[in-house]
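Please go through the model below.

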Amino acid sequence: MTVPISRYGRVFDLLPEMIFILQDGVIVDHNPAASDGTGYRPEVLNGLRAERLAAETYRGEFASLIASQTQERKCEMVFERADGSPFDADLTIRTLATPERVLKILFVNDITEQKKKELDLLRFSNVIHHTINPIQITDATGVMVYVNPAFERASGYKAEELIGRNPNVLSSGKHTKEFWRKVWSEILEGRMWVGEIENRRKDGSLLQVELVISPIIDPQGKVVGFMGAHRDITHQKELERQLVRSQRMESIGTLAAGIAHEVGNPLTSISSLVQVILRTTQDEFAKEKLELIKNQINRITRIIRDLVDFSRPSSYVVKPTEINEVLRDALNIVQYGKKVKHIHFDVQLNAGLPKINIVPDQLVQVFINILMNAVDALDGIPGTIRLATELTGKEVRVVVADTGRGIDPADLEKVFEPFFSTKEVGKGTGLGLWVSYGIVKNFGGEITVESTPGKGSTFVITLPTRGE
Ligand SMILES: Nc1ncnc2c1ncn2[C@@H]1O[C@H](COP(=O)(O)OP(=O)(O)O)[C@@H](O)[C@H]1O
Ligand SMILES: [Mg+2]
């Protein structure tokens, strides 16, 4: 039976969509796309009950759909081909009522491929969304269109603060225009770019990342956007810096110790000669000048002694020591001075600490240095120096915190370097912290410092507690 569709004849034979004409639930006509799509021969298809098109579990639902009086119904359903293989079908059912009869027209699109793509996309976007690596996606002009939660966490920005903006809102200003121009020329060519980047978080802190930018290319080969995958290497960078620092300290140490030994011997001779002349001369003028020379020699000797100390910790005996004892000794020496009159010492020594393997005399020197620096930082103004010990895991921590002038952020890196001093000539040698650093390192420990200018500084010395 042929249905007069229009005066253009069987236009619907040309349509790519599967079209079925149903009457009372039976297929009465269809186009070639319908028999191709379902795998039924045309003569079999005509006369087939329509619900046979649906996969078993959908038949009831499908039957009631085509029985419905509604003008138009749309839905998705699983259909089944003649050979029993399933496919995802997108359906539209329309009612065509003529005076003689009521026909249902069924339009079907096979959306299996599209479904699969959707699922792939969903799977892909889920992976991106939940990966621990910060990821951002930009359009072809570099404007951010997506950031994942890991990116929000790493940058400190919320997605809505970033979307629609250029990633340079995260710039720390470290990289030059030229640098970015090169990056862009690579990725616009459709190539991947890998490198290390320094970004700035919302709170202003720096974030070191390894960044992989890959262009997103459409089927026509056009770059439609970019995906940036980040790996946080802030910690790794910090370790690298520490390593470089301790290597530098070590080489300076070796050099300094060499010089100290070379200078030490002639200095001893000069010193003895000065003493001899001082004792024998009657000349008052010469005596006075010799006293000055002696003072200067003493000063040099002190420096030399510090340098040698740094390089020769093995000349002392390591023994299990009560760290609190060492701290009390250091405190007694420091509190003896006049400069501490206005200083409140807040001492909280934890009684239950295990003994640690150190050279007590050397460690006393470390704490005298650090405490004296704290006293100097208070500079005669009333303030507090807190000295505390505690056990954290396998380490003993000694905290020396003062409410003094603090350290300029630019100097924070340098305070442990030899001869770095902000004190007047004659007041400081700049060796105190350097020597302390060397001693603490030798016992497998660590000294760190934090400071807020104008508020104070905190030095933390950690020492390992191996053995009792
Ligand atoms: N507690 C502190 N407060 C402020 N600045 C400090 C403190 N400790 C050390 N410094 C800074 O570090 C520098 C180096 O200290 P140090 O090595 O002991 O040498 P010195 O005390 O001879 O200057 C000091 O000159 C000072 O600028
Ligand atoms: Mg000092």
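Q: Which residues of helix α3 (residues 59–67) are buried?
A: Helices are DSSP runs of H or I with at least four residues, strands runs of E with at least two, numbered from the N terminus. A residue is buried if 20 or more other C-beta atoms, placed from the backbone, lie within 10 Å of its own, exposed if 12 or fewer, and partly exposed in between. In this predicted model, where local features need pLDDT of at least 70, side-chain atom pairs count only at pLDDT 80 or more and totals for chains, interfaces and linings use all residues, the buried residues of α3 are F62, L65 and I66.

Q: Which element gives the largest share of the shell around ligand 1?
A: Residues are numbered from 1 along each chain as its sequence is written, chains are lettered from A and ligands numbered from 1 in the order in which they are written. The shell has 22 residues (C-beta atom, placed from the backbone, within 6 Å), of which N373, A377, S421, G428 and G432 come nearest. Two or more residues each come from α11 (360–378) and α13 (432–442). The largest share, four residues, comes from α11.

Q: Is D283 buried or exposed?
A: D283 is found in the loop between α8 (234–280) and α9 (284–311). Because D283 has 10 C-beta neighbours inside 10 Å, it counts as exposed.
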